[in-house]
Every structure is written in C-alpha cells, then in structure tokens.
Amino acid sequence: MQLLSNYLKHHDTDLELVELIDTLMIACKEIALQLREGALAGVLGTSEETNVQGETQKKLDIIANDVLKKVLLDNPLVRGLASEEEDDPVFGNPNGRYLVTFDPLDGSSNIDINVSVGTIFSILEVPEGATEDSVDMFLQPGRKQVASGYVLYGPSAVLTLTTGHGVNMFTLAHTGDFLLTRENVQIPTQTREFAINMSNHRFWEPSMRNYIDDLLKGVDGPRGKNYNMRWIASMVAEVHRVLTRGGIFTYPWDSRDPSKPGKLRLMYEGNPMSLLIEQAGGISSTCYSDILDVQPEHIHQRVSVALGSKEEVEALHGYHCE
Ligand code: AHM
Ligand code: MG
C-alpha cells in the first residue's frame, strides 16, 4: 500500500502542493485524535461562542479551527487561509503561493452523538499580481482550485483527495500514515438513493418538491424506480456515500431565509465537494448550473447544492429548467 506523499510524487504532483497537503494532514491527524478521545479529553459539548453566521460553536469546532490555523500558518507556502469559523481571512507569508479555505469540522451537530463528521478543504493559488493581502484573492470560481478534499472521521479516518487528476482515498493507519485504499473513484451514473432533509419539504421551490414527490411515487411514478433515502446531517458522510456507491445529495434553497441562496457555504463546502464529484464522473449543481462556475462575491457566500450520480442530477435539472 502506498503512502499519500509517495503516491502524489509518483503521479507528478507539484512538490510544493504535496508539502501543503502533508501539512493539512498533520492537522487532520490531531483532530482525529481529539475526536477519538471525545468525552475523555473533555472536548464534547457547546462553547459560549457563536461564529460569523450566528451559529453556536461546538468546543470541537473551535479546537479543529485552531489546530488547522496554527499548522497552516507555520508553513511558508501559505499566503492566507479562510475558515467557516473565522469572520475574516487570516494572512501568513506574503510570498506564499497558496490560499487554503476550510470547514474545520463539518456536520458538527453530530459530535455529541458520536456520528461521523469531517474536515473539508480547498486549495487555490494566489492570483498573479496580488501584491496586497485582501479577501479578493480568495474570490475565485471553484474551477480554479488546484486541489480539494475532505477527511471523514468515521469508524476509520479517510482522506478523499483530488489534485485535478481523478479522486483517490487514503485511510489513516495505526502508524499515523495515510495509505492508498481506493484509486480512481468513479460514481455510478445511475442510482436509487437520495439524501435531503425532508422536514424542509414545505419550504422548497415547487420544482424541488415535484422532483422529490416523483421519487417517492416509486416504481409506479414517472421515474419508474423505488428509491431509498438517507440523511446523516453531515455533508462529508453523505458525499462519501455518494462517491462510494452513488446517489444524489441535495441541500437546496428554501424559504426559511429567502435572502440566502442555501444553507451550505460555497468556499468551504460547495466548491471542494464539487471538484471531487466532477473528478469522479458525477455532476455538482446549484439545481440550475455547475457550482464550479459560480463567481464568488463574498467569502462566506452560501449556495444551493445538488450533487451525485450523473443521470440523477440531470433528471433533477429537468424539473428545474422546464
Ligand atoms: P455545519 O458546517 O455547521 O456542520 O453545517 C453543515 C451541515 C452539513 O454537513 C449537513 O448537510 C447539513 O448541515 C445538515 O443540516 P440540517 O441540520 O438541516 O440537517
Ligand atoms: Mg459545514
């Protein structure tokens, strides 16, 4: 079995990018250890803090954010980072080549019930001529990402990574190394499995309601198949399932807060997951067009998400683009 860094080097990955990914994994191993200890380390429960989006932070949201921030800022390759848990970007070496955005602990409502969570990350290059540190340098469409991935902290810790040449999975071994366990992941083009928070049904657009209602009609409905449903409330775990056995995952716009395009965040969740899904042969969409083409206007911008098996996302498009 191949070590993460050896695998990347053997596949002609830029050596500085390999070093940056190794740095990210130092932080993720530390987060995995803290999660494993759970109540023993006193890390469960809620802090007194709220983040920039007004959400209450779990203690582990803050710990994971601090670990990532410290480890990344120690690496001179890092010009700046932006986190779901920070109000503003944080800048490092003015000559650094890379920008990193991350959701330190996605699905953190699952921490206290001991269900899977994950770290999601996206790597961009500093645009040419960006002499002044500014938030603007982060506002690049997802297609510009040079790498993205997540570490799922489940029964095992699994890194799923793309550097723009397919998707590979690496499992954290007891030695502390990430070892290649799945190469060139491909999402099945068809599926009978969907994931959506059904309790928001009454708040969706009519097109989304029609699509889901037709799935529920099963073999006698227009889609002609019986569908199964899953909802883990952890995007990392849902995307991991989609990459492993196919499916469609969606968190669409809803009318609970009409001013926001969706719940999930473009720079920390939408873009990194979309690159993985496209690299594995799936589609990742706002329900109307590719997420990777969205031009970000704000660092904490939200986005409507529908991703997964190619033919299923195309069917969903049919309902939205009639
Ligand atoms: P978080 O980044 O604050 O954890 O929020 C994102 C999570 C996703 O992982 C998941 O898909 C969604 O929120 C679950 O939302 P809901 O609470 O509506 O089930
Ligand atoms: Mg999240």
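Predicted model: local features only at pLDDT ≥ 70, side-chain atom pairs only at ≥ 80, totals over all residues.
The protein chain contains 7 helices and 17 strands, and its C-alpha atoms fill a box of roughly 60 × 45 × 45 Å along the principal axes. For 322 residues a compact globule would have a radius of gyration near 20 Å, and the chain has 19 Å, so the value agrees with that expectation. If we take contacts between residues at least 6 apart in sequence, 62% of them join residues at least 24 apart, and 44% of the 322 residues count as buried.

Let me turn to the interior. In soluble globular proteins, nonpolar side chains tend to be buried together. Here the largest nonpolar core has 81 residues, among which Val100, Leu159 and Leu307 touch the most other members; its largest share, 8 residues, comes from helix 2, residues 15-37. Leu159, if we set aside neighbours within four places in sequence, is in contact with residues including Leu4, Met25, Met169 and Phe178.

Now the binding site, which comes from an unreviewed UniProt entry and covers Asp106, Gly107, Ser108, Ser109, Asn197 and Lys263. Are Asn197 and Lys263 buried or partly exposed? Asn197, in the loop between strand 11 and helix 4, is partly exposed, because 14 other C-beta atoms lie within 10 Å. Lys263, in the loop between strands 13 and 14, counts as buried because it has 20 C-beta neighbours inside 10 Å. Beyond its neighbours within four places in sequence, Lys263 is in contact with Tyr251 and Arg302.

Key: Residues numbered from 1 in each chain as written. Chains lettered and ligands numbered in written order. Core = buried A, V, L, I, M, F, W, Y, C linked by C-beta atoms within 7 Å. Buried ≥ 20, exposed ≤ 12 C-beta atoms within 10 Å, placed from the backbone. Helix = DSSP H or I, 4+ residues; strand = E, 2+ residues; numbered from the N terminus. Contact = placed C-beta atoms within 7 Å. UniProt positions renumbered as here; feature names shortened; annotations may be inferred. Rg over C-alpha atoms; globule rule 2.2 N^0.38 Å.
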